[in-house]
Amino acid sequence: MDVIAMAGLLLTAWLAVRRHWTASGVTLALATAAKYFPLLLAPLLMWEWWRAGPRTFAAGLAAFAGTLGLCFLPFLDQRLSVLQGLSRYANDWSLNSGVFSAIRGAGGWLVGSQDAYWPAEWSWRWVWWLRSA
C-alpha cells in the first residue's frame, strides 16, 4: 500500500506542477485512500488551488472530496470501521519500531523495569540533535 500511496503522491505533485488542478485533487484522494500520510500535502495543494482562483479551488476540492467519498463508499455499511485502524496505530505505534523496542528493552534491563522509556526518549532526542547540528 505504501507504493500506491507514494505513486499517487508523486503523480499529484507532478500534476500540480503542470497546473492540472482537478486531476491533482483526484490523485491526492486516491493516494489518501491507500494511506493517510498523503493528506499532509492537502493544505499545500489547497493553497495552490486558492491562489489559482475560487473556481479552481472549488473544482479541486470537489474532485478531492468526491473521489475520496467514492473510495470510502463500500465501507459505509460498516460505519467506516476502516478508520479504527488509525486509532489502533496511534495507541500501539511503538510495536512498529524495532529500534524503539530494542532501546526500551535495554533500558528495562538496566533499571529492572520494562516500562523504562527514558533510554528511548533520550536516544531519539540525541538523534534529532545530531540531525539539526
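## The loop between helix 1 and helix 2

Arg 19 is found in the loop between helix 1 and helix 2; helices here are DSSP runs of H or I with at least four residues, strands are runs of E with at least two, and both are numbered from the N terminus. Just after helix 1, Arg 19 takes a positive phi of about 65 degrees, although Arg 19 is not a glycine. Arg 19 is exposed, with a relative accessible area of 58%. Exposed means over 50% relative accessible area, buried means under 20%, and partly exposed lies in between (1.4 Å probe, protein chains only).

The structure is a predicted model, in which local features need pLDDT of at least 70 and side-chain atom pairs count only at pLDDT 80 or more, while totals for chains, interfaces and linings use all residues. Residues are numbered from 1 along each chain as its sequence is written, and side-chain values use heavy atoms, with hydrogens and water left out.

## The chain as a whole

The protein chain has 7 helices and 0 strands. From the N terminus on, its elements run α-α-α-α-α-α-α. Of its 133 residues, 26% count as buried.

The chain exposes about 9,500 Å², and carbon and sulfur atoms supply 67% of that area. Accessible areas come from the Shrake-Rupley method with a 1.4 Å probe; for residues, only the protein chains shown count as cover. Among contacts with a separation of 6 or more, residues 24 or more positions apart account for 47%. A contact means heavy atoms within 4.5 Å.

## Helix 1

The 16 residues of helix 1 should span 22 Å at 1.5 Å a residue, and the end C-alpha atoms are 22 Å apart, which agrees. The expected span is 1.5 Å times one less than the number of residues in the helix. The buried residues of helix 1 are Ala 5, Gly 8, Leu 9, Thr 12, Leu 15 and Ala 16. Seen down the helix axis, they fall within an arc of 130 degrees, so they line one face of helix 1. The arc is taken over the directions from the helix axis to the C-beta atoms.

The buried residues of helix 1 pack against helix 2 and helix 3. On the other side of helix 1, Val 3, Leu 10 and Val 17 are exposed. Leu 11 also lies in helix 1 and counts as partly exposed, at 38% relative accessibility. The C-alpha atoms of Leu 11 and Ser 24 are separated by 7.5 Å, with the two residues 13 apart along the chain.

## A nonpolar surface patch

Leu 10, which lies in helix 1 (residues 2–17), is exposed with a relative accessible area of 60%. Together with Met 6, Phe 37 and Leu 40, Leu 10 forms a nonpolar patch on the surface, with about 430 Å² of accessible area in total. Patches are made of residues with over 30% relative accessible area and no salt bridge; like charges are joined within 9 Å, and nonpolar side chains (Val, Leu, Ile, Met, Phe, Trp, Tyr) within 5 Å.

In helix 3, Ala 42, Leu 45 and Trp 49 are buried. Their directions from the axis fall within an arc of 70 degrees, so these residues line one face of helix 3. What covers them includes helix 1, helix 2 and helix 4. The face turned away from the buried side carries the exposed residues Pro 43, Leu 44, Trp 50 and Arg 51. Helix 3 is followed by Gly 53, whose phi is positive, near 130 degrees.

Side chains of opposite charge can pair when their charged atoms come close. Glu 48 forms a salt bridge with Arg 51, the closest N and O atoms being 3.9 Å apart. The rule asks for a side-chain nitrogen of Lys or Arg within 4 Å of a carboxyl oxygen of Asp or Glu, and by this rule the count comes to 1 salt bridge. Both residues lie in helix 3, 3 residues apart, about one turn of the helix. Glu 48 counts as partly exposed at 23% relative accessibility, whereas Arg 51 is exposed with a relative accessible area of 57%.

## Helix 4

Helix 4 (residues 54–72) has 19 residues and reaches 27 Å from its first C-alpha to its last, close to the 27 Å expected at 1.5 Å a residue. Its buried residues are Thr 56, Gly 60, Ala 63, Phe 64, Thr 67, Leu 68 and Phe 72. Viewed down the axis of helix 4, they fall within an arc of 150 degrees, so they line one face of the helix.

What covers the buried residues of helix 4 includes helix 2 (21–34) and helix 3 (42–52). On the other side of helix 4, Pro 54, Arg 55 and Leu 70 are exposed.
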